[in-house]
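Today I am sitting down with my notebook to look up charged side-chain pairs. Have the viewer open and follow along.

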Amino acid sequence: MSFHTRPVPPADAAARRAVKPVVCYPVETLPVPDMDRLSAVRETLTKIDEVIVPPREGKAFNVPKGHFLRIVSVEGPQVGDLNLWNANDLNERFFSGKTRALHATHVTTGNRLWSNLPNLRPMATITHDTLGWYGFDEYGGGVHDVIGTRCDPYTNRLLSGGDYHHCCHSNLCGALSEARGMSLKEAEPYVHDVLNVFMCTGFTHDTHQYFMKASPVRPGDFLEMFAEIDLLGGLSACPGGDCSAEHSSDTAACHPLKVEIFRPDMALLAHWPFPERNPYRGRP
């Protein structure tokens with residue numbers, strides 16, 4: 001028997017394919033953030049810090065609980081790869097897979113960014129997205145994905161046989177290393193799958209492969225989120241620029257990204273339900 005022989009469809013193949021799908025995680029009981037209240041809080045914001053992330057580099061920044069983080073396009077179309085950690089415990093970090101399962105392949109205003117097990121709580125809530133108008137295009141592409149992992153030097157070596165050092169994985173390792181006084185080797189295990197800010201991606205209709213296309217982001221566009229816990233963030237300005245051609249490149253047009261941190265009137269958050277770690281403690 002040849003391993004390349006195509007399997008013969010069973011007689012009931014059509015019936016099996018016709019079975020209706022079921023959403024894996026019914027989210028009717030998922031805690032919903034009070035977006036009206038956050039909208040009112042947004043009216044009181046005062047900028048307290050900003051960080052410029054140079055093209056093909058990464059930078060880290062801190063966002064205290066109850067403050068707002070804004071990632072801004074400042075010069076030209078540019079994609080950013082975002083990592084989030086609990087600023088007081090690096091073992092708690094952004095969980096892109098569960099965020100995808102609870103919300104969608106791409107996130108926008110009202111969605112939350114969840115932390116890894118055994119914590120599983122919202123780290124941040126998206127409060128404003130100037131690209132929220134994009135939706136999904138005819139190719140199935142959307143903006144701000146939680147399906148891509150981050151460009152990395154290991155996959156680059158696997159596919160091309162060469163070394164490229166400005167990959168987002170490497171940039172995030174460097175950003176965390178600098179922020180916490182760690183060696184690159186110590187920092188690397190904490191770097192994790194990202195939120196691809198401004199990146200336009202999807203799956204091809206024919207082969208179902210992960211694709212990217214030119215980001216619709218323009219100077220002045222931003223993605224804003226509210227910190228539900230004390231956050232340490234890391235952002236890489238992807239070496240693919242707007243990711244219209246490739247994402248590990250010294251030739252793609254790349255631009256800086258700006259990170260802005262805002263403090264609101266904290267009195268308006270006096271009774272905000274800041275999340276505790278997930279209460280599940282394992283089988284008895």
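**Salt bridges, looked up one by one**

I started with E92 and R121, whose side chains form a salt bridge at 2.8 Å, N to O. By salt bridge I mean a side-chain nitrogen of Lys or Arg within 4 Å of a carboxyl oxygen of Asp or Glu. This pair ties together distant parts of the chain, 29 residues apart: E92 sits in strand β5 (residues 89-93), and R121 in the loop between β6 (112-114) and β7 (122-129). Strands here are DSSP runs (E, at least two residues), numbered from the N terminus. I found both E92 and R121 buried. My cut-offs are under 20% relative accessible area for buried, over 50% for exposed and partly exposed in between (1.4 Å probe, protein chains only).

A note on the source: this is a predicted model, where local features need pLDDT of at least 70, side-chain atom pairs count only at pLDDT 80 or more, and totals for chains, interfaces and linings use all residues. Residues are numbered from 1 along each chain as its sequence is written, and side-chain values use heavy atoms, with hydrogens and water left out.

Next I looked up K213 and D137, which meet in a salt bridge at 3.0 Å, N to O. Again distant parts of the chain are linked, 76 residues apart: K213 lies in strand β10 (residues 210-213), D137 in the loop between β7 and β8 (142-145). K213 is partly exposed at 23%, while D137 counts as buried at 19%.

I also noted a network: K47, E50, K258 and E260 are joined by salt bridges that share partners.

How many salt bridges does the whole structure hold? My search gave 14.

Notes
Helices (H or I, at least four residues) and strands (E, at least two) are DSSP runs, numbered from the N terminus.
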